[in-house]
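Here are some notes for a colleague opening this structure for the first time.

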Amino acid sequence: NAGTEADVYISVYGERGDTGSRQLLRSQKSKKFLKGQTDIFAVEAVHLGCLYKIVIRHNGLGSGNGWFLDKVVIKDPITDLDYTFLCRRWLDQGQDDVSIARELPVTDASTFPGRQELKLKREEVWAAEKWKFQKGTTLQFYNRLTRGFICLYPDSRVDALGDKKNKYGKVFYMWMYA
């Protein structure tokens, strides 16, 4: 009972806009949305650029309308990129969280439009924070539970007694929650 007879709709979102809600009408299979089956649909739209999410839903009508969706893969014919949207959940008013719609982000990081920006941000953060990991640096962690400091010394010693006073100046603080 993982297939559905309900009408299924998809909205595809990219950096240049979205498709709006489109009903998935003609599969390359004679009967669509059967358990264990891969259905293939052609959806005509303007080029959306890099895709970042989809919204997929059904109308909840028909007998056995609950549907377990594994994933959606969209092939961009212009760039020849595949975008994968993992679901692995029910779209069912009687299963899971009783939702018949799912918003799914793209799961392949290589096709995410902000990948270069994320890489640059990581480099900026590392440039600002790498001093903490240089030879000769003493690290202090404040433990809110014991209200004391745990010190990691450059010679590999660890003072985990949780001294209440900060004897070594402001080196580095990290609040750890348990």
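**Notes on the aromatic rings**

1. Phenylalanine 68 is partly exposed, its relative accessible area being 33%. Please keep in mind while reading that the model is a predicted one.

2. When the whole structure is searched, two aromatic pairs are found. One of them joins tyrosine 13 and tyrosine 52, whose ring centres are 6.5 Å apart and whose planes make an angle of 50 degrees, an arrangement classed as tilted. Tyrosine 52 is partly exposed, at a relative accessible area of 34%.

3. Phenylalanine 68 pairs with tryptophan 90: the ring centres lie 5.6 Å apart with the planes at 70 degrees, so the pair is edge-to-face, because an angle over 60 degrees counts as such. Phenylalanine 68 is in strand β5 (residues 67-75) and tryptophan 90 is in strand β6 (residues 82-91), so the pair ties together parts that are 22 residues apart in sequence. Tryptophan 90 has a relative accessible area of 21% and is therefore partly exposed, because buried would require a value under 20%.

4. Tyrosine 13 also has a charged neighbour, as the charged end of lysine 53 sits over the tyrosine 13 ring at 4.6 Å from its centre. A further arrangement of this kind involves arginine 157, which lies over the face of tyrosine 153 at 4.3 Å from the ring centre.

Key: Residues numbered from 1 in each chain as written. Predicted model: local features only at pLDDT ≥ 70, side-chain atom pairs only at ≥ 80, totals over all residues. Heavy atoms only, no water. Phe/Tyr/Trp six-rings, centres within 6.5 Å; stacked < 30°, edge-to-face > 60°. Buried < 20%, exposed > 50% of the residue type's maximum accessible area, 1.4 Å probe, protein only. Helix = DSSP H or I, 4+ residues; strand = E, 2+ residues; numbered from the N terminus. Lys NZ or Arg CZ within 6 Å of the ring centre and 35° of its normal.
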